[in-house]
Amino acid sequence: MNTTPTSSNSQPAKTIGELITAFQAESGLSDDEIAAHLGYTRGNIIAMFRLGAMCVPWSKFEPLAELMDVDPQVVLELSLRDRNPDLLAFIKSVQARFQITPAERRLIDHCRTLAGGRAVSPFIIDGRSVVALVVK
C-alpha cells in the first residue's frame, strides 16, 4: 500500500485531483471505470473530483483508497487539506499522540493473529525484556 503517492511529475500529490490524475496515468483506468468502482453510473463525477469542482464524499474515501492502493489516511489528508485545513491540523496533532512505528504495528498485527479474535492481556515481566501474550 502506498503511503506517499506522487503526482504525474513524481512530486507528492497535493490534492485529490493530482492523486486521481496520477493514478489514472499509471493504471489506464477511465473516469467511467473509476466511477463504476465507487458505485456511480457516470464518469463525469470523477472529472469533477479531479478538477476540484466537487469534493469526494466521506463515504467514498475507503473505496477510492482501495482502488488506488493508497492508505485511506492519504485520501483523508488530501481532502481535508482542501476542505478544512484547521481540522486536518487538529487531527494530526491528536494522531501524533498515538503514533506507532512500523515494527510496533507488525507486533500488534502478529498478536492479533495469534489471538484469533479471542480476548488477550499483555503480561510484562520486568518492563524491559520479556513480554508475554495471554490468550483467554
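Predicted model: local features only at pLDDT ≥ 70, side-chain atom pairs only at ≥ 80, totals over all residues.
Helices here are DSSP runs of H or I with at least four residues, numbered from the N terminus. Residues are numbered from 1 along each chain as its sequence is written, and side-chain values use heavy atoms, leaving out hydrogens and water.

Let's stay with Glu77 for a moment. Is Glu77 buried or exposed? Glu77 counts as buried because its relative accessibility is 17%, and buried means under 20% relative accessible area (exposed is over 50%, partly exposed is in between, using a 1.4 Å probe and protein chains only). Setting aside residues up to four places away in sequence, Glu77 touches Leu88 and Lys92; a contact of this kind means heavy atoms within 4.5 Å.

Now for Lys14, which lies in the segment before helix H1 (16–27). Lys14 has a relative accessible area of 53%, so it is exposed. Leu78 is 64 residues from Lys14 along the chain, yet their C-alpha atoms are separated by 6.5 Å.

Next comes helix H3 (residues 44–51), whose buried residues are Ile45, Ile46, Ala47 and Phe49. What covers them? The cover for the buried residues of H3 includes H1 and helix H2 (31–37). Just after H3, Gly52 takes a positive phi of about 80°.

Rings of Phe, Tyr and Trp (its six-membered ring) pair if their centres lie within 6.5 Å; planes under 30 degrees apart count as stacked, over 60 as edge-to-face and the rest as tilted. How many aromatic pairs does this rule give? The count comes to 2. Tyr40 and Phe49 form an edge-to-face pair, 6.1 Å centre to centre with 70° between the planes. Trp58 and Phe61 are also edge-to-face, at 5.1 Å and 65°. Phe49 is buried at 3% relative accessible area, and Phe61 is buried at 7%.

A charge sits over a ring if NZ of Lys or CZ of Arg is within 6 Å of the ring centre and within 35 degrees of the ring normal. The charged end of Lys60 sits over the ring of Tyr40, 4.9 Å from its centre, while Arg83 has its charged end over the ring of Trp58, 4.1 Å from the centre.

Notes: Helix = DSSP H or I, 4+ residues; strand = E, 2+ residues; numbered from the N terminus.
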